[in-house]
Structure formats: structure tokens, C-alpha cells
Amino acid sequence: MFWNPSMERMPVEDLKEIQEKKLRALVNNVYNYSPFYKRKFKELGLHPSDIRGLEDLPKLPFTKKQDLRDNYPFGMFAVPISQIVRFHASSGTTGKPTLVGYTENDIRMWVESLCRGLVSCGVTHEDIVQIAYGYGLFTGGLGFHYAVEKIGATALPISTGNTARQIELMKDLGVTVIACTPSYMLYMAEYAEKMGTSIRETSLRIGIFGAEPWSEETRKRIEEKTGITAYDVYGTSELSGPLFTECTERNGLHIWADHFLVEVIDPKTGENVGEGEKGELVVTTLSKEAMPLIRWRTGDITILETEKCNCGRTHPRIMRILGRSDDMLIVRGVNVFPSQIEHVLMQIPELGEHYMIILDRVENLDVMTIQVELNQKVSIEKPGEILNLKRKVEERLKSVLGVHANVELVNPGTLQRFEGKAKRIIDRRKI
Amino acid sequence: MIRQISVFVENKPGRLASVTGVLFEKGINLRAFMIADAGDFGIIRMVVDKTDEAYKALKEAGFTVAINEVLAVEVEDKPGELYRIAKALGDEGINIDYVYAFTSEKHKALIIFRVDNLERAVKILERIGVLFKGRID
């Protein structure tokens, strides 16, 4: 099944023609309307007329997360705010969020991309889709919501949390498709068993899982436990949330080439890696108006596959995300940078400068523990005062990270010291 | 009034052993001891024979440690003694934060008190004739 058959099956040469045409328009557009890119082009002595085709792509500069931070809030925008119909934001590294704006066309393109994905993994207008991604500034909930409605399926905008209710509604309404993080699906399956029921007793048949890296082993576990078919979905808040999914072949996620131009590079050299080789995914948005991005460094490690898929779609595919090229952590679907944690800890006078970040998966949910040393300024007269300090640190972390962290206060000098680059992260999760 | 040592410890196997190990190495003797447990950490409170030495040794060993003054009360080792004192303090509106007790051959039953109003508590305990004014060593 196809949502947009002529586009999804378009011959590769025709797709390339569209991409080159759109790339030239993009370069002109950002040069004229985006203060950030205009400056960047001038610094590099680059003119839009230098970019004729895809082979000129390496001449263009990369865009990095730091650029978004430096140009917060509106410096990356290429349209006046009056044309923006929606904002989404993710938590920032040092308190400032990463802001993304969308024009009406941007939203339409986002919905179109995900509609193609949903249909490619077998979702139809007869399905009831439980959207257990967060609604709000996070892109997951609303992203799925509009695509589900667009294909004529039924959206159940339940958002995250309240697992008992999730299972109850899934049963009562006869939900057939769920969108959530893979770890939450596993958690829900176990929760259902504790409630004396099973996901197998529901009508659920398809799960679309993303917002955190997962593995083939986890896919097998989910499918064995629940009896559903599990698909991978990918997107990043900077490009538009959920955009690309696997098709029923389940051999990579289709990247819609009429809207996005992908490269896979060696994160150290910035050079393109060969086909089939691992590298960092770099995406150029070909259709975005409000906040076009040129050679956006996603930080996600994957492999690019350009061979035509058995499903008939000609668009390139990326393989499952294998990891990160930077130190970003994904905790319960939320992007967390260790620098955000450090920033919070260093502002609290009772804490020392040494800390460790420990990640575990307990009953299929991520648990983040931050061990931090006290310094001698702390009053240990009463346990209550230390508990208050612990609570204060936890609250500040929650407000900056958007996800809970357990704080363990420890004596000065007890945490490991590092010579050279500190390894403050212990990730014990099995994905 | 006597001096008490407080030590912050993580709630992990071996932590109590490392605190007491430091004291053992310095030949410091414990007179009274308690742990206030608060989830993933606890506060050890103790009265020792050589308070300053114990403080120095624990601090050098990397512990978060403090010295503070507490009240000690000496009573007969018989029923009703703690009741008598607790009532005297309670009747005067003094709050007791925590209490721990020990007995030894040398002293009668000694009860350590931490209260919210030290000065008034001293007066009350003197009035009923139980305040311990000696030294613990």
C-alpha cells in the first residue's frame, strides 16, 4: 500500500532532478532570507550560484546543534514570525531550549512524510491508533496525531503515562496500532500481565516505535510478548519529529528524497563514507520554509542504503540507528546532554565538582541516577537538610532536563577521578 | 553538654566498616552510637572518647563530618526515667529532635538528647537534677 504512489515509486533519476532543483532553490532562499546562512556563506566565500547539483553538496557548510543555540530564538528562521503557525522546542544544553518553527507548508510536508510511513507499515483508515508519545512541545505526540487523522484512521491522543488507563482503553476501544517508545511497550506488556491480562488479548496488531535507539533483539522480545508487528520510526526535533518509518519489508527506514537529502559522513573528517559504511547521518531539508537546515549533523550513527527496496519504493533507506557521534543520551525518549546535568550541579554551592551519570533499565524503563559529591559546606546536622538538598537537586534537574533523575549524594573523594578525558557516564542499559 | 560527631555515609555495603575502621586505627573508643537512616544515605551520630582526634581522622579520610553539642542526661537504670525527662521537656514546649542512650559500668544510664532550645533545656534538666556534667572518656 502507498500513500503517494507516484512519488514513492518515482524513478531515481527523476527524484534526483527534483532534489537538484530544490537544492538550488534552498540555497538561494537561505542566502537571501536566513541571517545565519547569509553570514555563513559570506564567511566561506560561497555564492548560491556555486551550487548547481548534488555533487556540489560538500561545498556547503554543516549546521550543528551549537548553531541553533547561538541563534536562539529566531536567528535560524528564513520567514517572518507572522508566517509561523507552530513552535516546538526541546530542552537545551545550558537552559536555553532548541526552538523550531513551522509554516503551514512545513506542517503539511511533515504530515505527508509520516502518512507515507504509516501506510508503508500497513496502517489504514480502519485503524485506531493509540498515540502514547508526549503531546506538547515535544514533537512525538502531535506529529503522529495529524498524520493519523490525515490518513483517516482514528487517533487516541492518550500521551504518556498512566499505564493502567493505557491498557484499559486499548482493550475497551479495540486499539489496533500503538506509537510509543519501545521500552514503554515492553513496560506496558509486563504491566498488563500484572493486571492479569495480556497485550495478546487486545486487538493490537502494529507498533511504531522510536524516540530512542533499540535493537533487533528488542524487536523480537516485543513481538514475542505482544504478538504484534514492530516497526522503527525516526525523526529529530530539529528536522520535524517523527518523519520516517520502516516499510513492511523492515529493511531500513525510507527517507523521502523529495523532501530530504541525506548523506552519511565520517564524524571526525566530515567526508562522506562509502555506501554500506557506518557514519553520522547528515540531512539537508529540501522543502522546509520556516527553518531550513543545510547539512544538519544529526549526531545519529547509521548506514545508508540506496538500492531500490523490495516494497517498490525508490527512496533511500537508513538502517536502524546504531548510536551517537556525540555524548547525547536518550532517557525515556528525552534527549539529555551531560553538559546540562553539569550546568545544574555546578550552580548548587553544597555540591562538589565530581559526579557520575548512571543509566539502567529497570522493568523496561530507563532510570537515570546521578551520583554527586558533597563538599564541606553542607550541613549534616539533620538528615532532613540533606534530604532537602537532594530534593532540590532533583527538582532543578527535572526542570532543565524534562526527565527525572535520582540523585545520590556521596562523600567528597569517593567518586572516580580521571586523568585526561573524564568518563562520567555508565550506561548499563541493554537496548 | 557533651560533643557529638556526625558523619554522612552512603547507604552501601562496607560504608560503616570504613568509618569504624578509621576510628579503630586511631585507637578511638565509641561510647554511644546511632544511625539515622534516610533512604540512600544515613547520618551516623556518635560520642567517642577522643572527639577532636576522631573528627580530624574522619575528615582526612574524606568523610563529610561535623561536631555539635548535645545534652547528656544521667539517670538511674530503672523504669520511668526517660519518661520523667521527656515529660519535663515536653511540658515546657521543648522539642526533642532525637535521643539515643547507652549504659556502661562507669556511668549510670546516659541518654543523649538533641533539642530545639539548648539553653532552656539545660535549665530544665538542671532543675530536675539529671543533667550530666562530667566528661565522657
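Among contacts in chain A between residues at least 6 apart in sequence, what percentage join residues at least 24 apart? I looked this up at the outset and found 67%. I note that the model is predicted.

**Entry: chain A as a whole**

I recorded 11 helices and 20 strands as the secondary structure of chain A. I then took up the radius of gyration, which is 23 Å for chain A, close to the 22 Å that the globule rule gives for 431 residues, so the chain is as compact as a globular protein of that length. Along the principal axes, the C-alpha atoms fill a box of roughly 75 × 60 × 45 Å. I also looked up burial: of the 431 residues in chain A, 43% are buried.

**Entry: helices α7 and α8 of chain A**

I turned to α7(A), residues 163-173, and α8(A), residues 182-194. Their axes come within 10 Å and cross at roughly 80 degrees. Angles of 65 to 115 degrees count as roughly perpendicular, and therefore α7(A) is roughly perpendicular to α8(A). I listed the residues that meet: T163(A), Q166(A) and I167(A) come from α7(A), while Y187(A), M188(A), Y191(A) and A192(A) come from α8(A). In this contact of α7(A) with α8(A) I recorded 5 nonpolar residues, 2 polar and no charged.

**Entry: where chain A touches chain B**

I found that 16 residues of chain A and 14 residues of chain B take part in the contact. On the side of chain A, the elements that give two or more residues are α11 (383-401) and β19 (406-410). I divided the residues of that side of chain A into 9 nonpolar, 4 polar and 3 charged.

Notes:
Residues are numbered from 1 along each chain as its sequence is written. Chains are lettered from A and ligands numbered from 1 in the order in which they are written. This is a predicted model: local features need pLDDT of at least 70, side-chain atom pairs count only at pLDDT 80 or more; totals for chains, interfaces and linings use all residues. Axes are lines fitted to C-alpha atoms, for helices over the stretch in contact, and angles run from 0 to 180 degrees between N-to-C directions. Helices (H or I, at least four residues) and strands (E, at least two) are DSSP runs, numbered from the N terminus. Angles under 35 degrees count as roughly parallel, over 145 as roughly antiparallel, 65 to 115 as roughly perpendicular and the rest as oblique. Two residues are in contact if their C-beta atoms, placed from the backbone, lie within 7 Å. Ala, Val, Leu, Ile, Met, Phe, Trp, Tyr, Cys and Pro count as nonpolar, Asp, Glu, Lys and Arg as charged, and the others, Gly among them, as polar. The radius of gyration is taken over C-alpha atoms; the globule rule is 2.2 Å times the number of residues to the power 0.38. A residue is buried if 20 or more other C-beta atoms lie within 10 Å of its own, exposed if 12 or fewer, and partly exposed in between; C-beta atoms are placed from the backbone.
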